Amino acid sequence: MSKPSSKQKRIDNQDKQKRYMLILIKYPIPSFVILLTISFINLFTQYLLDWQIQFVYAEVGFSILALLLTWIARFLYNQTNSLLAVFEKVVDLPSEQINIWFEKQIDFIFGSFWAYIISVPFGIAGIWTMAYLGLPWLPSVDFVFKIFWGIFMFVVGVIGWIYLGLLLFLFRFSRLKVKGAPFERLDDEYQDINNIYTKLFIPGVILYIGIILALWASRAEMIAVYHPLGRLWVFPMAGAVIGFFLSFQYFIHRSILSSKKNRLDKIDLLLKETYELWLADRSVERAKTITELSNWRTNISQEKEWVLNLQSNLAVVSGLLLPTIKTIVDFFPR
């Protein structure tokens, strides 16, 4: 019996990956319908039994966000897969090995059962928070709302796992040996990686700002915004979004440094070999080559090591902090 080819192995790995894919990605339409149904039942139950307008705007906002979660999960999956073409240009490994490594990362991010295990406490914490806040509803309405809120927070936890996996993915990439001949730059490739991760970053920002706006929508009557425990949820969300942005910038920076060091090492080797040859005959041509290599080494050492400069990073972080300023102000006595 013949052994399976490398192409067949990749197909088998992809089939296995699809079997264990997260439900949000493998079954996006049923997931959307389930979240839509739960959101509708929550609002309709309140409409029939205990309609309190001060909470409605926030709940509509959270319902819209719940429906966006399936799109966010699928978008993250598709964008992450587009990284393979860029990694093949950057990583100094045979194409087959890169494919196998890449598929393992995709499986870890989008097919790991840990996503559910970690999200369960997240959902429970969300339900417990609302129970502690004691929203003034009839018991039946409160029960339905907590089911909706628990499922919403559970799915948010799944999205959070994906984002954590994306950072681990980039961290592992930053430790791989990268390509780069002495006179070859990978600026375009690193810019492509940064562009893809920026696209991955945007849905997280939408979710973060959406949650803040949904809380603000009910203004002073929204108990969660004016309770220390409710406000506590705002800051970890802001920290997670900012942390993701700064982390992927840093991991790309690490890979750029690795590429830069690799090129400088090759230049140094060429310089050493050329200098030894020059010592043997001390020709003008070899002296000129040494000068040119030294100048090129200087050019490489002065190349930028970050995709974005400090000012751009500060601008993004400052912009992300703006939605939390109102909550920070509320902490101070008036």
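A salt bridge is defined here as a side-chain nitrogen of Lys or Arg lying within 4 Å of a carboxyl oxygen of Asp or Glu. The structure examined is a predicted model, in which local features need pLDDT of at least 70 and side-chain atom pairs count only at pLDDT 80 or more, whereas totals for chains, interfaces and linings use all residues. Residues are numbered from 1 along each chain as its sequence is written, and side-chain values use heavy atoms, with hydrogens and water left out.

The protein contains 13 helices and 0 strands, where helices (H or I, at least four residues) and strands (E, at least two) are DSSP runs numbered from the N terminus. Of its 334 residues, 44% are buried; buried denotes under 20% relative accessible area, exposed over 50%, and partly exposed the range in between, with a 1.4 Å probe and protein chains only. Contact means heavy atoms within 4.5 Å. Among contacts between residues at least 6 apart in sequence, 85% join residues at least 24 apart.

A search of the whole structure finds 8 salt bridges. One of them pairs glutamate 303 with arginine 185, with the closest N and O atoms 3.4 Å apart. Glutamate 303 lies in the loop between helix H12 (284–301) and helix H13 (310–330), and arginine 185 in the loop between helix H8 (139–174) and helix H9 (187–216), so this pair ties together parts that are 118 residues apart in sequence. Glutamate 303 is buried, at 13% relative accessible area, whereas arginine 185 is partly exposed, at 42% relative accessibility.

Glutamate 303 also forms a salt bridge with arginine 263, and here the closest N and O atoms are 2.8 Å apart. This pair links distant parts of the chain, since arginine 263 belongs to helix H11 and is 40 residues from glutamate 303. Both residues of the pair, glutamate 303 and arginine 263, are buried. Through shared partners, salt bridges join Arg185, Asp187, Arg263 and Glu303 into one network.

A further salt bridge connects the side chains of aspartate 265 and lysine 261 (3.0 Å, N to O). These two residues are 4 apart in helix H11 (residues 234–281) and are therefore separated by about one helical turn. Aspartate 265 is partly exposed, at 38% relative accessibility, while lysine 261 is exposed, at 54%.

Nonpolar cores were also identified, each being a set of buried Ala, Val, Leu, Ile, Met, Phe, Trp, Tyr and Cys residues joined through side-chain atoms within 4.5 Å. The largest nonpolar core has 81 residues, of which Phe62, Tyr190, Ile193 and Tyr197 touch the most other members. Helix H8 gives the most to this core, with 18 residues. Apart from neighbours within four places in sequence, phenylalanine 62 is in contact with Phe148, Trp149, Phe152, Ile211, Ala214 and Leu215. A second, separate core of 7 residues includes Leu264, Leu271, Ile290 and Leu293.

Two packed helices are described by the angle between their axes and the distance between the axes. Axes are lines fitted to C-alpha atoms, for helices over the stretch in contact, and angles run from 0 to 180 degrees between N-to-C directions. The axes of helix H3 (residues 28–49) and H8 come within 9 Å and cross at roughly 155°. H3 is therefore roughly antiparallel to H8, a term applied to angles over 145 degrees. Residues making the contact include Leu35, Ile38 and Leu49 of H3, and Val141, Phe148 and Val155 of H8.

Terms used. Parallel < 35°, antiparallel > 145°, perpendicular 65-115°, else oblique.
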